[in-house]
Amino acid sequence: MGMASEIDRKRKFLLGIGYFVQGLRCFPWMGVNFFLKDGMRVAPATLQILQNSANLPMVAKPLYGILSDCVYVFAEHRIPYIAFGAFLQAISWMAIAIFATSGISFMSITFYLLLGNLGASIVEVANDAMVAETAKQPTTSKNTKSSSSGGGLQSFVWMASSIGGVLGNLVGGIVIDRFAPRMMFLIYGILLSIQFLITALIRESSLALPKSSSLGFRKQLSELSAALKKPDLLYAIIWFSFSYAVIPALTGTMFFYQTQHLKIESSLLGISKVVGQAAMLLWGVVYNNYLKSVSSRKLIIAVQGTMVFFMLSDYLFVKGFYQNLGLPDSLYVIILSSLLEVLYFFKILPFSVLMAQLCPPGCEGSIMAFVMSAIALAFIVSGYLGVALASYFRVNGDDFSGLPEALLVQAACTLVPIFWASCVPLDKEAKEKPKEN
């Protein structure tokens, strides 16, 4: 028991740092948004296109997952990938910080952001695979329930990422008011360098991770293909990706609306994102303590429906309904807008628990990477659809008259996936209950 608890602590230490630092990515990205808007004077559509195009490396996650599963580096297949990904991110953010003062071009910053997201995607693949394979390991005692099972480890890393997001947005809102954005890039580059050094000093053998079968790349690819032929797994991934892709995202437009039209200060935007991240942290706590026994399908549908409600609330906000009631714009942005922004991610926690149950042994990294790449691609499609929607209603940095209609279309699109929610399979425990009765 003592050895098992020591291994559990080491795993949580490594994963906690990894997810915490990745949660902090909102810190430099807040600087990127203001740097592009105020320093490079880009349009809302250009900002949103860059925000989504920078996520293109995330689409190749299945490739990184297969490599992590079957290609060992010095007899290790998780730690080296985490260290390499952290190294790539550190280089990219350091480069942006150095060249930001010397008139960095739009193409150059795009390249460095792509490089940084390449590193982030490699880290996320290795971390997600560790969580998935650890969660499936049997407990050492029949009377002891490991924190790594039953969604406990997923909740832990979710909370670590949320804490990073809370801290990143809180400090970001303060730093962006007092320093140039390059300071945010530099600070995050230093943190990534520290993560790289810590990870490089940890031996994977001390984590007692299960060894994947030593399959070749083609064999691992064929096993991934075979796993995806399982209807429960395939339909769930397709529905989940579609539930994001069908929503035209208006993040860049809303950022300009809040800063250009409403004149919301950057510190208040930071506070609003802190509220959102705090909500994500609270969601992890609530899920871990009260909702693990609830069907993942029910939770996902509930979150999707709540998103529709909040989007309709945004429509009323832009039409001035809340202002007529005496509610300040800044208060709405801090509370309600921040909640809608993070509601997109609430579905991921119950879905990741469901995926951990459905993943065949030996290809957890490949499956989880495929899932996250499908989500990344869905977000990219969602972002491009949002640009097209804003363009159709002629919404730009100076004219937001068509924004209410665009928000109504967004809400209607969000409602559509609920009608096909039966594609999401029931959890194993939910399936077994009728048999027991």
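Predicted model: local features only at pLDDT ≥ 70, side-chain atom pairs only at ≥ 80, totals over all residues.
**Note on helix packing and a buried glutamine**

1. Two packed helices are described by the angle between their axes and the distance between the axes. Helix α12 covers residues 266-291 and helix α15 covers residues 329-346; they pack at an angle of about 45 degrees, and their axes are 8 Å apart. The angle therefore makes α12 oblique to α15. The crossing of α12 and α15 is right-handed.

2. Helix α5 spans residues 79-99, which is 21 residues. From the first C-alpha of α5 to the last, the reach is 31 Å, close to the 30 Å expected at 1.5 Å a residue. Of the 21 residues of α5, 15 are buried, so the helix is largely enclosed by the rest of the structure.

3. Residue Q304 belongs to helix α13, residues 296-318. Is Q304 buried or exposed? Its relative accessibility is 0%, and because buried means under 20%, Q304 counts as buried.

4. The surroundings of Q304 also deserve mention. Its side chain makes a polar contact with the side chain of K347, at 2.7 Å. When neighbours within four places in sequence are left aside, Q304 is in contact with S243, I247, K347, T414, P417 and I418.

Terms used. Residues numbered from 1 in each chain as written. Heavy atoms only, no water. Helix = DSSP H or I, 4+ residues; strand = E, 2+ residues; numbered from the N terminus. Expected span 1.5 Å × (residues − 1). Buried < 20%, exposed > 50% of the residue type's maximum accessible area, 1.4 Å probe, protein only. Polar contact = N/O pair within 3.5 Å; in protein donor to acceptor, adjacent residues only side chain to side chain. Contact = heavy atoms within 4.5 Å. Axes fitted to C-alpha atoms, helices over the stretch in contact; angles between N-to-C directions. Parallel < 35°, antiparallel > 145°, perpendicular 65-115°, else oblique. Left-handed = near helix turned anticlockwise from the far one by under 90°.
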